[in-house]
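Here are some notes to read alongside the model, written for someone opening it for the first time. Take them in order and keep the structure in view.

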Amino acid sequence: MDDVAEQYRRLSARMTGLIAAVPDDAWSRPSPCEGWTARDLVGHLIDVHGRFQSLAGRKLVDHPPVDDDPLGAWEAVRDQMQADLEDPARRDQEYEGRLGRSTFGKSVDGFIRFDLVVHAWDLARATGQDDTIDPADVQWVSAMVERMGDLMRSNKVIAEPREPAPDASEQDRVLAALGRQV
């Protein structure tokens, strides 16, 4: 497993840059996630971080409301997660989850890593920013969907796949597998 703290740092830095670059008038633009705006995506990421903190019996750090300060809310939650992943005792804390016994770090490395890659694309697409996904992340997401796609679809984490264009790039093929319109 790649070092979860480093992966999180890299992916959350990309998300931070995207959130910081959203023009004020773009927060209400629709995202590729049906029914969600750009601001809703940030709210979702914060909610997911809170759910994973609760798996380890912890609470989400106080943060500004997403409606008032999406970047400030994200930065507060991001900093808490980064600190937890850098603390071996917090990162390796075990819990009993839906998929059996796991650790906080392994769960973050799976689900939150996935969310950061995919929702970075969503936010970039919604707000007119560069939506290129790192090729290593494309491969990682593809492997995750291949392994857990049916479970992810049944839990409504991803939508039903779409048929990619015959000449689609690897990124577009993965996005189609997630049900994204590219």
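How many helices and how many strands are there in the protein chain?

1. **The overall make-up.** Bear in mind from the start that this is a predicted model. The protein chain has 7 helices and 2 strands. If you walk along the sequence, they turn up in the pattern α-α-α-α-β-β-α-α-α. The radius of gyration is 16 Å, close to the 16 Å that the globule rule gives for 182 residues, so the chain is as compact as a globular protein of that length.

2. **Dimensions and contacts.** The C-alpha trace spans about 45 × 40 × 25 Å along its principal axes. Out of the 182 residues, 48% count as buried. Take the contacts between residues at least 6 apart in sequence: 64% of them join residues at least 24 apart.

3. **Helix α2 against helix α3.** Look for α2 at residues 38–55 and α3 at residues 70–86. Their axes come within 10 Å and cross at roughly 30°. An angle under 35 degrees counts as roughly parallel, which means α2 is roughly parallel to α3. The crossing of α2 past α3 is left-handed. On the α2 side the contact is made by R39, V42, L45, I46, H49 and Q53, and on the α3 side by P70, A73, W74, V77, Q80, M81 and D84. Sorted by class, that contact has 8 nonpolar, 3 polar and 2 charged residues.

4. **Helix α1 against helix α3.** Helix α1 covers residues 4–20, and its axis comes within 10 Å of the axis of α3. What about the angle? The two axes cross at roughly 175°, so α1 is roughly antiparallel to α3. From α1, the residues taking part are V4, A5, Y8, R9, S12, M15, T16, I19 and A20. They meet P70, L71, W74, E75, V77, R78, M81, Q82, L85 and E86 of α3. This contact divides into 12 nonpolar, 3 polar and 4 charged residues.

5. **V22, in a loop.** Is V22 buried or exposed? You'll find this residue in the loop between α1 and α2. With a relative accessible area of 6%, V22 is buried. Setting aside residues up to four places away in sequence, V22 touches W27, L123, T127 and Q129. V22 and R39 are 17 residues apart in sequence, with 9.6 Å between their C-alpha atoms. R39 is also one of the α2 residues in the contact with α3.

6. **D137, in a helix.** Which residues is D137 in contact with, leaving aside its neighbours within four places in sequence? They are R10, L11 and V117. D137 itself lies in helix α6 and, at 4% relative accessibility, counts as buried. Between D137 and A120 there are 11 Å, C-alpha to C-alpha, for two residues 17 apart in sequence.

7. **E163, in another loop.** Finish with E163, in the loop between α6 (135–154) and α7 (170–177). The relative accessibility of E163 is 74%, so this residue counts as exposed. E163 and A177 are 14 residues apart in sequence, and their C-alpha atoms are 7.8 Å apart in space.

Technical notes: Residues are numbered from 1 along each chain as its sequence is written. This is a predicted model: local features need pLDDT of at least 70, side-chain atom pairs count only at pLDDT 80 or more; totals for chains, interfaces and linings use all residues. Side-chain values use heavy atoms; hydrogens and water are left out. Axes are lines fitted to C-alpha atoms, for helices over the stretch in contact, and angles run from 0 to 180 degrees between N-to-C directions. Helices (H or I, at least four residues) and strands (E, at least two) are DSSP runs, numbered from the N terminus. Angles under 35 degrees count as roughly parallel, over 145 as roughly antiparallel, 65 to 115 as roughly perpendicular and the rest as oblique. A crossing is left-handed if the near helix is turned anticlockwise from the far one by less than a right angle, and right-handed if clockwise. Contact means heavy atoms within 4.5 Å. Ala, Val, Leu, Ile, Met, Phe, Trp, Tyr, Cys and Pro count as nonpolar, Asp, Glu, Lys and Arg as charged, and the others, Gly among them, as polar. The radius of gyration is taken over C-alpha atoms; the globule rule is 2.2 Å times the number of residues to the power 0.38. Buried means under 20% relative accessible area, exposed over 50%, partly exposed in between (1.4 Å probe, protein chains only).
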